[in-house]
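Hello,

Here is the structure for you to look at. My notes follow below it.

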Number of protein chains: 2
Amino acid sequence: MPADAMPAEAMPAGAPSIADIAAAARRLAGAAVRTPLLDAPLLDDRLGCRLVLKAEPLQLTGSFKFRGAYNRISLIPQDRRGAGVIAYSSGNHAQGVAAAARLHGVRATVVMPADAPAIKRRNTEAWGAAVVPYDRAAGESREAVAAEIVARTGATLVRPYDDPAIVAGQGTVGLEIAEQLAERGLAADAVLVPCGGGGLSAGVAIALAARMPAARVHPVEPAGFDDTGRSLAAGERVANAPGGHSICDALLAPTPGEFTFPVNRRLLAPGLAVDDDRVRAAMAAAFDYFKLVVEPGGAVALAAALAGAAEFRGRTVVAVASGGNADPSVFRTALCDRCPAVA
Amino acid sequence: MPADAMPAEAMPAGAPSIADIAAAARRLAGAAVRTPLLDAPLLDDRLGCRLVLKAEPLQLTGSFKFRGAYNRISLIPQDRRGAGVIAYSSGNHAQGVAAAARLHGVRATVVMPADAPAIKRRNTEAWGAAVVPYDRAAGESREAVAAEIVARTGATLVRPYDDPAIVAGQGTVGLEIAEQLAERGLAADAVLVPCGGGGLSAGVAIALAARMPAARVHPVEPAGFDDTGRSLAAGERVANAPGGHSICDALLAPTPGEFTFPVNRRLLAPGLAVDDDRVRAAMAAAFDYFKLVVEPGGAVALAAALAGAAEFRGRTVVAVASGGNADPSVFRTALCDRCPAVA
């Protein structure tokens, strides 16, 4: 439900403000990439709308996750930095935390499933983090492994989304969108944001509520993992049904975040969901029209824009491409399938 | 031979000056994309140098060719615009001219081989150009077909490289490199530029001779099509041997340009050449580290940087990625081969 159609509801306590996001942007200046907004006039001709792509694959570590991690680590008091930071992730958050810690000169430990793809482990280690494997098949909990290390070492836990400093960091994506559109004399009617735990959509929604309030911010999820969309409709946090499958490995959080959902409930327009065929078609469209490598989870917003072209006719739409750490074999399949790219 | 090691030699008459390139940049502002310089710290760690990629795949039409075409068409007198423009090309120049003409409200005709890939014809037509096919198997000459149309219609011929306004437009790539490095407090030791007819390397070399004179500008060519490299060594224009083959379809000009070579002879450092395996490895490295789609001809400079890592150790190197209009099947092969990406 869009913010303006809802009964007045206060922002939850502790939610970052636009001032917090602006402060995060100042911390990130010079460390993060101000990623470009990309145009594709020939795609616009086909769709009948103005579609721009916010290119977070060009962010350091290949995804927006670096922003939140860097902002969070910036806020660790000097006397606690020596104990390092810890995160649990097998994906983009792991690399984001590892790189942000390296730039801050802080040790990072990442708890990662023992069966995570070798490339993800190698990249995380290449950024200088220590990887601690855990055995998910044996029922070990990554949260428990991380909590034990925190208790023993005093390291600071860097959560993937349920943290105001993480949300403020991801919100710099929204701040840049507003600034970059304004530089071109444009204003967005709709902003489509890939949604897992809801940190990126919460941050972008807070930024745009302040800086481009007419824009409707829609979270976009993989079909079968549309917990945020269904939770927005229900007005409370509901979980995904177990046993689902999606190629969007970055967006498989089981429920909306405890911290992020109250923000998202207050600010987001209805959720959208796309199936794997649409996602592959969007990856191929990003290749054809934007020359950008986008990973499956990073492509859901573009997929929703392509699928919703009829609804967006005549409008200005921003799709956030949230990451580009695509597995080569998955990318090759996307270029091969050639599902119809446009609805 | 680098400029400082050469006997004093005047720039050829008619060569664009840095003022001409700065004027082109002012014309292009708001029409062309100021493409980003991309970093990949993990690749730098591997190579032992600072390597940045100038991302012309993100340019309008997917290659630098738009720059020269737009600048050239800007300079057509008002009373000759009604007769339109004409170009011969089956590739990036065709799309660059078509898009630049569209933005200027000028009709464009492109002479293209009848057996050109359907996608290239479709894209050129999608930008609004009329395509005139010619039969290269029957020995028809595209220059003759174009000359006949010029004689009949008064259209302005937009050459692919042998034109000072084209060279000045491509030179804005060099101007941006100098500005973007300076913004980061960097200076390039070497700038590697894909080279076909020599328009991009001439423009970049003129810009950098004025704005970053310590940088050595190397043209990079496909093995077997290293006419510019051999011509620089010989001091005169020499042709490629017939019958060669390369996946770098954008860089197969048979000889250095008549107009561009005297400029390049004056300003360029020695040429480098890379084989198709190196090119595919560079396309895969652009996918992995920069999340950028680069076509084969656009990837030769990155390929040379990867191959020459030992020589560039400790240096700051710019590789120009000149285009991203990659055929999906060629791109899939590059992701599949996985030749060693680094020497």
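**Notes on the model**

In chain B, the buried residues of helix α10(B) pack against β8 (216–222) and α11 (260–267) of the chain. Helix α10 of chain B covers residues 227–234, and its buried residues are B:Asp227, B:Thr228, B:Gly229, B:Ser231 and B:Leu232. After α10(B) comes B:Gly235, with a positive phi near 80 degrees. Please keep in mind throughout that this is a predicted model.

**The sheet in chain A**

Chain A has an open sheet of six strands with mixed pairing, in the order β1-β2-β10-β7-β8-β9. Its edges are β1 (37–39) and β9 (272–274) of chain A, each of which pairs on one side only. On average, neighbouring strands of the sheet are turned by 30 degrees against each other, direction ignored.

A:Glu221 has A:Ala273 in β9(A) as its bridge partner.

**The contact between the chains**

Chain A and chain B each put 28 residues into the contact. Between them they bury about 2,300 Å², with 72% of that area on carbon and sulfur atoms. On the chain A side, A:Leu42, A:Lys291 and A:Arg332 supply 30% of the area buried against chain B, more than any other three residues.

As for polar terms, seven residue pairs are in polar contact between chain A and chain B, counting pairs with both residues at pLDDT 80 or more. There are two salt bridges between the chains. One of them joins the side chains of A:Asp45 and B:Arg102, at 3.0 Å from N to O.

Which elements of chain A give two or more residues to the side that touches chain B? They are α2 (41–47), α6 (118–126), α12 (276–290) and α15 (328–337) of chain A. Helix α15(A) gives the most, with five residues.

Regards

How values were computed: Residues numbered from 1 in each chain as written. Chains lettered and ligands numbered in written order. Predicted model: local features only at pLDDT ≥ 70, side-chain atom pairs only at ≥ 80, totals over all residues. Heavy atoms only, no water. Pairing = 2+ DSSP bridges. Helix = DSSP H or I, 4+ residues; strand = E, 2+ residues; numbered from the N terminus. Axes fitted to C-alpha atoms, helices over the stretch in contact; angles between N-to-C directions. Buried < 20%, exposed > 50% of the residue type's maximum accessible area, 1.4 Å probe, protein only. Contact = heavy atoms within 4.5 Å. Buried area = accessible area lost by both parts, 1.4 Å probe. Salt bridge = Lys/Arg side-chain N within 4 Å of Asp/Glu carboxyl O. Polar contact = N/O pair within 3.5 Å; in protein donor to acceptor, adjacent residues only side chain to side chain.
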